[in-house]
Amino acid sequence: MQKDFRMNRRDFLRLSGTGFAGLVLAQFPNIAATAQDIEADVEIVLTAIPEQVQILPGQTTSTWRYIAEVIRGDPNSVQSTPNSYFGPILRFRKGQQVRIHLNNQLPESTITHWHGLTVPETADGHPRFAIETGETYTYDFQVINRAGTYWYHPHPHGRTGPQVYAGLAGFLFVSDEEEDALGLPEGDYEIPLMLQDRVFDADNQMVYLPNGMMDRMHGFLGDRMMVNGQADYALSVEKSAYRLRLLNGSNSRVYKLAWDDGTPLIVIGTDGGLLQSPIEKDYIMLAPSERLDLWVDFSTYPVGTSLSLKSLTFSGAEEGGMGTSEFTILTVNVDSDATSTPATLPAQLSTPNFNDAPNAVNAANPRQFTVAMQAMAATINGQSFEMTDVDANEIVQAGDLEVWEFINPPSSMGRGMGRGMGMVMPHPMHIHNVQFQVIDRQIDPDFASIWDTVREGYVDGAGWKDSVLLMPGERVKVLVKFPDYTGLYLYHCHNLEHEDLGLMRNYRIE
Ligand code: C2O
Ligand code: CU
Ligand code: CU
């Protein structure tokens, strides 16, 4: 950890109108100095800052967003995203040594987490490293993950929900040689799609938790769909093949994705990169923080076709009002013939080197983590988040292969309470610093009918994951190999309101 310079708001305002990075280097020569000391292939200044954005017609919206500038290395490492709160896209290569200076220009403390990446403890964005207004935190890490759709977002204690809601989130794409060799659609044919829901008031301002405490317990649900920070998102495409890279960047909403004309979804990748080979699904569940790489061939549609990606109804989340109605996420307009030869879908996408479940050190006796939402406490195994607290059951050994089992018990008020007395809701569980395989799911018989509305939409077993949807009454086993980076990392529910209420714990790699 380095808090290597401070910049006050007046300095920032003076700097921000002009070439920001160059001026940062001139005014804060210690950045330039450290850059020469340690070899970084890419060095970026990432600033979190309030900004007015034109989202809806009329009044602009107050947002918080990330802006980024490359100060060393490939200028294409940052793809800016103007006129939106949608964060800049960071593009790294596997093997690159990366340095990122996070500059906090928000009116409160923050820290950024690289979701899905395996990084040293000090680069993971744990809430204990949060920095105050005007401070900078420097991350140094090597990109050791395989090609995939990763992302970044704030992670300060108790404030992740409001900060992501205000607009702080972006994609982090990693590429590698294995992916290059496939010739997947790129450039205009590779489309990032960050799905979020929001509520706007009459003055076009985003409203967080309109119903107060009840919203915190259920999680935030908006009534307006936003894609890449824009409302009523419409995509104009050619009669060609596309790679759609989806992220559920919503605070709490779970989507049940499907094309409105019944065309199956073709999945080529999940959280941790490409699958072994493409799979087809009629619908797919996408819970907060999950990613999905889709292949779509629009050449089969006549020019002039309009189709839409929908979220279908499902059960198991009615208490908060989720899943009860179908709605449109985005519209695709097939506007013209292909201007270049469409890419073809490879039959074989990758060799993902899966872990071997029987060899897990605790195969016979998985570590169990029972999730509960009670009136005032959100817990894992009965405990809420404490900044540096680690239980005996939360210590693992570097390099070990383990089975972890997440349990969403029939009554989340705890064992022994009848169904319906607790809060019956989904919990998307996420583990920092690893990619795992989902190896088993089981459902409590009382919840089987709920489960039937979602179960065909899981993309399990076929690829790497760092987040997994845990429906009411469900138990999910994941197979995890812990990396060699030792230290304190997090695992938590990625319903951000649950996370902020304490449905999060540390685990330690020794
Ligand atoms: Cu998206 Cu703790 O992470
Ligand atoms: Cu994470
Ligand atoms: Cu939860």
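1. Donors are N, O and S atoms within 2.8 Å of the metal (3.2 Å for Na, K and Ca); water is not among the atoms, so sites may look incomplete. With that in mind, the copper ion (ligand 2) is coordinated by His113 (NE2) and His430 (NE2), at 1.9 Å. Histidine 113 belongs to strand E6 (residues 112-115) and histidine 430 to strand E26, so this pair links distant parts of the chain, 317 residues apart. Strands (E, at least two residues) are DSSP runs numbered from the N terminus, as are helices (H or I, at least four residues). Histidine 113 and histidine 430 are both buried, where buried means under 20% relative accessible area, exposed over 50%, and partly exposed in between (1.4 Å probe, protein chains only).

2. This is a predicted model, in which local features need pLDDT of at least 70, side-chain atom pairs count only at pLDDT 80 or more, and totals for chains, interfaces and linings use all residues. Residues are numbered from 1 along each chain as its sequence is written, chains are lettered from A and ligands numbered from 1 in the order in which they are written, and side-chain values use heavy atoms, with hydrogens and water left out.

3. Because histidine 427 lies in strand E26 (residues 427-431) and cysteine 493 in strand E30 (residues 487-493), the pair ties together parts that are 66 residues apart in sequence. Histidine 427 counts as buried because its relative accessibility is 0%, and cysteine 493 likewise counts as buried at 0%.

4. The chain is divided into domain 1 (9-178), domain 2 (187-336) and domain 3 (357-509); the bounds come from an automatic or database domain assignment. Between domain 1 and domain 3, the contact takes 26 residues from domain 1 and 26 residues from domain 3, contact meaning heavy atoms within 4.5 Å. The area buried between these two domains is about 1900 Å², of which carbon and sulfur atoms give 59%. Buried area is the accessible area (1.4 Å probe) that two parts lose on being put together, summed over both. On the domain 1 side, His115, Glu121 and His126 lose the most area to domain 3, together 23% of what that side buries.

5. One open sheet has four strands in the order E2-E1-E5-E7, with mixed pairing; two strands pair if DSSP finds at least two bridges between them. Strand E2 (61-72) and strand E7 (136-142) stand at the edges with a single partner strand each, so one side of each is left without a neighbour in the sheet. Strand E1 (residues 42-53) and strand E5 (residues 97-104) run parallel and are joined by seven bridges. Leucine 46 stands opposite leucine 102 in E5.

6. Another open sheet has five strands, ordered E23-E22-E25-E29-E27, again with mixed pairing. Its edges are strand E23 (378-380) and strand E27 (436-443); each has a single partner strand, so one side of each is left without a neighbour in the sheet. Strand E27 and strand E29 (residues 474-481) run antiparallel, joined by seven bridges. Phenylalanine 436 stands opposite valine 480 in E29.
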